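Trainee: I would like to learn how to read a model like this one. Can we go feature by feature?

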Amino acid sequence: MNFSLLMILLTPFFGGLLAYAASALHKSVRNIFFLIFMLIPFVELPVYLNKTVDNFYYLTILGQNLSLGINPLSSMMLLLFTLIFFLSSIFMMFEFNDRGEEGDLAVLELSFLEGAVFGVLLARDILTFFIFFELMAVLVFFLVGKGYKEAHTAQMKYITWALIGANSMLAAIVLLLFKAGNIGYTEIAGYLSTAPTSIVLVTFILFAIGFLIEASIMPFHVWTPITYAEAPDSVSVVLASVVKKVGLYLFALFAFSLFGLNLFSKLLPQVLNNSLVMYILQWIGALTIIIGTFIAIVQEDAKKILAWSSVAQSGYILLGLSLGTPLGVAGGLLHIINHSIFKGLLFFVVGGVIYRTGTKNLPELGGLIKKMPVSFISMLLGIIAVAGIPPLNGFNSKYLIYEALIQKNEPILLTIALLGGTGSFMYVYRLIHSIFLGQLHEEHESVREVPLIMQIPMIVLALLALLFGVLPGIPMYFVSKVEAFLGLDPIKYNLTGFPEQPGLHAGNVPVISITFVAGLVVAGLLFYLLPRARKVHQLDNYYAGEVLTKDVKYNYSFGFYSFFDDIIAPFNKWSVESVYESFVGFIKTAGDYLRRVYTGNLETYVSFGVILLVIFSLIYILGGILW
Amino acid sequence: MIFYVSALLIIGIGIYAIIIKKNLIKIIIGLDLIETGINLLIVSIGYINGKTAPIFSKGVMNASRMVDSVPQALTLTSIVIGASELALAAAFVVLLYRKYGTLDVRKIRSLRW
Amino acid sequence: MVNPGNPTLLVVLPLFFAFLSIIISPFAKKVIKFVPLVVSAINLIVIYFIGLKVTSGQIVIGGTAGLMPPYSINLAVDKFNFVIVLLVNVLGLLISFYNIFYVKEEPVDKFHILFTLLIMSASWISVTGDLFNVFVAFEVLSLSSFGLVGFMRNSDAIEAGFKYVVLGILAGSFILLGVVLVYAMTGTLNMAHIADKLQTISTLQKLIPFIFIFFGLAVEGALFPVNSWLPDAHPAAPSGVSAMLSGIVTTTAIYAIIRVIVTIFNYSAFIPYLFIIALLTLAFGEIAAFYQKDLKRMLAYSTIGQTGLFVLAFSVGTEASISASLTQMINHSVSKAIIFLTAGIMIEAAKSRNIDDLKGFGRKNILTSIVFVFAALSLIGVPPFFGFFTKFAILQSLLDFPGFLGYFAFGLVLIMAIVEGVYFYRVFRVLFAPIDKEFEKVNDWLVVAPFILVLILVLMSSKPMYVLNFTSTVANQLVQRTIYLTSVLGGMK
């Protein structure tokens, strides 16, 4: 059956309305409809996997034809996002199970969010994507509001930044429409190739501000930590894995397809074999990596660690994309896929822990490995992926980015990227140690593993991470199509690695993985066979001259990396957030003075009017000098 | 000519009263002055030298012997409107006095910025 | 048989009903509640017949006293008038329905009579073709709104009402002064005839009468610097009246300004000054709105800001910009009316006008909150609502303004859009926050009127081109003054 693009777009909206209406009957009816409609795009999408469709006109507004289209980049991301939305909706059913009407609204809003995301990805002109982009912002605002205690602060921070981004993009869109006369992507690209430098630069910066705010790149990232942390857990998954990627998707599409690297090279000075704009973006990406990683290390809240980690990983993607070479862009695109998978996985695990224990504060958790083994294994796979170690998927993309940096002769950026990699291992280890290892708190004695259905998202993503890690050919299939679409030479790969690509030294990832696993097996065998170990109870221990008691926790849980905190303390006082706070404070006082023109005094009101008359009478008397 | 000047003068006094005076009743009287000045101005604009009042009467049956009648109609309308507006304003002043106990406009300032 | 498409019916019938109500009010207090409803319904029927002719390009003339213009006072309805009078009466109909259930403070029947007069005078200004008629209609409008603002008779209402009275009377007097000076210059009061005669008078000489008329209309029309009464008066009035004031009265006054500038004076030289006034109105309105803790006061400042926005669009001067401005006027009137009506429901339930006291209202009363959210999103200009397309059209037309000022206005509008968004989203956040207190039960019928209006809004959002195309024909007809002049003066020359 041939599904039109419009049908794909409308499915989630229709599903959401149906589910909301069904909630009047019974919660389970609503859930069934919800899940079914989340699954339908899986059926509709495969038709379009290999196609590039343009010009599906669906509306004519303001003299312009709004159209939908699909290209390899969109179809790759559509598949990924459909999966994430489906898994997140499973999670949402549990999370909002006993929240009554809030749950109904959340189901409606999540479905509509999926529809809005589809709209952005399926857009073929600059007006359509903007309409759906703003719709996304509204829906995220309402979804975040259903979260934890500080959710209201998060909402206001988010929407202020979203509005700044949206209006910046709107300025660029109106400007482009005014100059180019048409809104379609291909027509705009045609106009931009012959436009004056000032227009190209101004519109690119305005668009970039909008996209990078959504993608939480420095210095626009200040809304991300609090929003990801305070949103409900299913929504956090969607935020980190989908919403952020939409910003990066748009950035990739606009930078390569609409503007084009050649345009930048032509119009702007070259710095070290990159155009100036791309070079600045590489440094911004690197800065995001390093600062995000370092701040993540010292966090005490589980979701905040993941939020700052997302910020840092966005930096990797931006770094890869703005390198502009086939290797770099492939690394960036592959990291988009990989990051969505492993970050989603980590958020699901943390969400499950919160679902069972009721807290996300790391010092209050510990020792859950015996109670929640499936979550532990999933998180273990997740953190190996974040750290970029084979056999999980993070290795492939990070490896490509490192190699691309070497190829481009960028030692400083390479160092920063590697530092980020090491740092990421530090914070994910903190995460798994504080939650699963260490000592169990008394109040968590009765904690069980999350319900079976709720385990599905974690298991699916963990297996997917493993699969994509060992057989990178599967995601690379899509990535190479995208590279060809964006006008770059796709890098050569096969199912198991990159043996033919000149410059890459790791030929066969499964071989590496098997070596890795073999090493672990050997270590395990040695541990169990050599008879020097004896199993004892955790508390039957002797530690620094004292016998342990149950109420004193002997594992590090608070101030885990306090030594690290001391090292970076002098840098902590330069905070992007405080710059914004002082700026906002300044604007607030200025506005406060301005609004006192409405004094409440009748005389002032009347004299304002009289002054107006006097001014114009003077103009008349002076014979129209100001005329 | 003198009528124009005096009308404008009356309007000016009215505006002065609204802006400078603090007593509510004086403000209303200022409004009344503005209205009166404008009415005077209207009638003077309609005056044509040597003609008489626009009323059909013995000896004056021809419209060419009358001053312009349109401004007189305008003035009548305006007087009526002015009277009703000032009545409403006076009603407000009575209510204000009951609530605040003062006729000083500077004290009635609770709604601001 | 009376021609049902005669514009004079729009004025005469409501007036008749109003006087009838005053006479029978001691006997039949219960019936008076329905008078404004009946009046606007009849008006809509008349408008329908007028509309049939107007949309085909004609201008409908209604003469009085059996004579043709310019010897008589006439009413003339072209497309611009048609849009405004349609807006007045549709909103009047739905708001009167709302008022039937909302107004509980004595004396209820006087309220409805005043409301009928308000609808009548707003329709009257929109259809008249005679300058002095504008003055009289304006005065009736002012008088009825004075009474309605002070209706609740609490200290807020009286203080706001008094300040409004002083400024309103001043405004009316200055309009009269301006009209009289125009009469002195041209010898006639008929709009088309004045336009004809003013073509020969120099721009500088036209300034003084124009500025008096402009000043008077600007007081009612929420322009800086004479809009200071507005943030006090709109909140103090009962919510149905606030909706009417913000949505209709302001728009009608701006309509009158536009009619005066474009048709009568043809004053393109004044437009740069209008641009600056509009910029200041927009800036001060939105900035002041951001700091408010009182919901209705915040909405009143928002009205000021939005008025600045569409007058800004109008003062760019091109045909496209006039069309965008008119569309934004429609969007603002409808959205602001819905917002005020739902705010009235919320305030009834929470017994307080403070925003923080509304916490959690949305979780119990989902329908009212969704209506509020839809209308507010349309006002801010979030896609896919109608307000987005109007905002887009305005931004497009702003780029046509020559020089640095155009880009500055463009940037300012976007920044003010951010400010506006933030304070409305703040209200959303409070609405859907966790509940911590009980809300009173309000009459379920109250939500019907805003709901129907929201349906209209959604309908417009789904077919924005329909409205936009119509407004560009309106702008087209407006700019070509000669059509208006020759139609009205048809008998003369």
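Trainee: Where is Pro225(C) found?

Mentor: Pro225(C) sits in the loop between helix H9 (203-220) and helix H10 (230-236) of chain C. Helices here are DSSP runs of H or I with at least four residues, strands are runs of E with at least two, and both are numbered from the N terminus. Some ground rules. This is a predicted model, where local features need pLDDT of at least 70, side-chain atom pairs count only at pLDDT 80 or more, and totals for chains, interfaces and linings use all residues. Residues are numbered from 1 along each chain as its sequence is written, chains are lettered from A and ligands numbered from 1 in the order in which they are written, and side-chain values use heavy atoms, with hydrogens and water left out.

Trainee: Which peptide bonds deserve a look?

Mentor: Most residues other than glycine have a negative phi, and most peptide bonds are trans. Look for the exceptions. Phe224(C) and Pro225(C) are joined by a cis peptide bond, with omega about 5 degrees. Another cis bond runs from Met218(A) to Pro219(A), with omega near -5 degrees. Pro219(A) lies in the loop between helix H8 (197-214) and helix H9 (224-230) of chain A.

Trainee: What is phi of Ser216(A) near, and is Ser216(A) buried or exposed?

Mentor: Phi of Ser216(A) is near 50 degrees, a positive value in a residue other than glycine. Ser216(A) is also in the loop between H8 and H9 of chain A. Buried means under 20% relative accessible area, exposed over 50%, and partly exposed in between (1.4 Å probe, protein chains only). Ser216(A) has 0% relative accessibility, so it counts as buried. Now take Asn409(A), with a positive phi near 60 degrees. Asn409(A) is in the loop between helix H16 (393-407) and helix H17 (411-435) of chain A. At 66% relative accessibility, Asn409(A) counts as exposed.

Trainee: How many residues does helix H7 of chain C have, and how far does it reach?

Mentor: Start with the general idea. An α-helix has 3.6 residues a turn, so residues three or four places apart point the same way. The expected span is 1.5 Å times one less than the number of residues. H7 (residues 155-186) of chain C has 32 residues and reaches 46 Å from its first C-alpha to its last, close to the 46 Å expected. H7(C) is largely enclosed by the rest of the structure, because 27 of its 32 residues are buried. Just after H7(C), Gly187(C) takes a positive phi of about 80 degrees.

Trainee: Which residues touch the most other members of the largest nonpolar core?

Mentor: A nonpolar core is a set of buried Ala, Val, Leu, Ile, Met, Phe, Trp, Tyr and Cys residues joined through side-chain atoms within 4.5 Å. The largest has 452 residues, and Phe129(A) and Phe254(A) touch the most other members. Contact means heavy atoms within 4.5 Å. Leaving aside neighbours within four places in sequence, the contacts of Phe254(A) include Phe129(A), Tyr185(A) and Phe207(A).

Trainee: How many residues of chain C are in contact with chain A?

Mentor: There are 64 residues of chain C in contact with 57 residues of chain A. The size of an interface is often given as the accessible area lost when the parts come together. Here that buried area (1.4 Å probe, summed over both parts) is about 5,600 Å², and carbon and sulfur atoms give 80% of it. In chain C, Tyr291(C), Phe392(C) and Tyr425(C) lose the most area to chain A, together 12% of what that side buries.

Trainee: Which side chains meet in a salt bridge between these two chains?

Mentor: Side chains of opposite charge can pair when their charged atoms come close. The rule is a side-chain nitrogen of Lys or Arg within 4 Å of a carboxyl oxygen of Asp or Glu. Chains C and A have 1 salt bridge between them. Arg363(C) and Glu102(A) form a salt bridge at 3.4 Å, N to O. Over all chains the count comes to 18. One of these joins Asp78(C) and Arg259(C), with the closest N and O atoms 2.9 Å apart. That pair links distant parts of the chain, 181 residues apart. Asp78(C) is buried at 2% relative accessibility, and Arg259(C) is buried at 2%.

Methods:
Buried area = accessible area lost by both parts, 1.4 Å probe.
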